Amino acid sequence: MEYVELARAESERGELVLRERRPEGGTPALELRANGAFVMDTLEVSTERALATAALALVDPPRAVVVAGLGLGFTMHEVLADSRVETCAVVEIEEALVGWMRDGTVPHGPALLADERVRIVVADIAVALAEAQPATYDLVLMDVDNGPGYLVHEGNARLYEEPLLRAAHRTLRPDGALAIWSAAESPELADALAAVFGNAEALPLEVRLQGRDEHYWVYVARVGQENAAR
């Protein structure tokens, strides 16, 4: 296996690296790593797409969507594939990653960001939600870290706790929804969502990642569904 580094950046959160993985006789893939931990690649993107698909199915119409976490753009791509979406705000804290998407370091980035429905916001999602007007969005999709059980940045634990979830709830319109990606099952997250929304649902995702079977989760909660299943 050969790895070729394409870009590297340092911020107050640590190191961000974009590299290309070149397996002998296999398909090359871009790989994003934060502080040495694998975040995502361009070979297995089903969970990013499943996060968007699960959320989009909850709301009709999902006119205004927030994607928290740009990553390599696949959650955003799936959101934009839905013709009902009129605006998609993508909140990303790492300015360098936004730059790599814009300048073609991530080859598919410029085409995705050229969609006129996209608005990129370089900010902490907690700040962005706190500053948003009430009842602004139909969907909020959280794909910022690996979930509460496998944090890349310990400071992101707050993203899965009640104060942040209440801020998300406040920004949602009636019948809006919040969807959160997690690398592991988290009853604590389900409890926090239920405390804020009155409901929570855990959707299991099975994927094949770099030759391994992995089991991920999407947690969803809906406004106005206080008696829905948990």
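Predicted model: local features only at pLDDT ≥ 70, side-chain atom pairs only at ≥ 80, totals over all residues.
Four strands make up an open sheet, ordered β1-β2-β3-β4, and their pairing is antiparallel. In general, strands of a sheet pair through backbone hydrogen bonds, either parallel or antiparallel. The two edges are formed by β1, residues 2-11, and β4, residues 37-41, each of which pairs on one side only. From one strand to the next, the twist averages 25°.

Strand β3 covers residues 29-34, and four bridges join it, in the antiparallel sense, to β4. Two of the pairs may be picked out on the structure: A34 has A37 of β4 as its bridge partner, and E31 stands opposite D41, also in β4.

What lies between the two strands of this hairpin? There are two residues between β3 and β4, and in this hairpin N35 takes a positive phi near 50°. As background, most residues other than glycine have a negative phi, and most peptide bonds are trans. N35 is a residue other than glycine with a positive phi, and its place is the loop between β3 and β4. As for solvent, N35 counts as partly exposed because its relative accessibility is 39%.

Helix α3, residues 95-103, lies across β1, β2 and β3, and runs at about 130° to β1.

P61 sits in the loop between α1, residues 46-56, and β5. The peptide bond from D60 to P61 is cis, with omega near 0°.

Is strand β5 itself largely enclosed or largely open? Strand β5 runs over residues 64-68, and five of its five residues are buried, so the strand is largely enclosed by the rest of the structure. In a regular strand the side chains alternate between the two faces of the sheet. Both faces of β5 are covered: A64, V66 and A68 are buried on one side, and V65 and V67 are buried on the other. The partner of β5 here is strand β6, residues 87-92; the two pair in the parallel sense over five bridges. One of the pairs to look for is A64 with its bridge partner T87 in β6.

Now to the helices α6 and α7. Two packed helices are described by the angle between their axes and the distance between the axes. For α6, residues 162-171, and α7, residues 187-197, the axes come within 9 Å and cross at roughly 45°. That angle makes α6 oblique to α7. The crossing of α6 past α7 is right-handed.

Which residues of α6 and α7 meet? From α6 come E162, L165, R166 and H169, and from α7 come A192, L193, A195, V196 and F197.

Is T171 buried or exposed? T171 is buried, because its relative accessible area is 0%. Leaving aside neighbours within four places in sequence, T171 is in contact with L129, A132, Q133, P134, A135, T136, Y137 and V140.

A135 lies in the loop between α5, residues 125-131, and β8, residues 137-142. Its phi is near 50°, a positive value in a residue other than glycine. A135 is partly exposed, with a relative accessible area of 39%.

Finally, please look at L203, which belongs to strand β10, residues 201-209. How exposed is L203? L203 counts as partly exposed because its relative accessibility is 24%; the cut-off for buried is under 20%. Not counting residues up to four places away in sequence, L203 touches A54, Y216, W217, V218 and V220. For Y216, which is 13 residues from L203 along the chain, the separation of the C-alpha atoms is 8.5 Å.

To close, I would draw attention to two places with a positive phi near 50°: N35, in the hairpin of β3 and β4, and A135, in the loop between α5 and β8. Thank you.

Methods. Residues numbered from 1 in each chain as written. Heavy atoms only, no water. Buried < 20%, exposed > 50% of the residue type's maximum accessible area, 1.4 Å probe, protein only. Contact = heavy atoms within 4.5 Å. Axes fitted to C-alpha atoms, helices over the stretch in contact; angles between N-to-C directions. Parallel < 35°, antiparallel > 145°, perpendicular 65-115°, else oblique. Left-handed = near helix turned anticlockwise from the far one by under 90°. Pairing = 2+ DSSP bridges.
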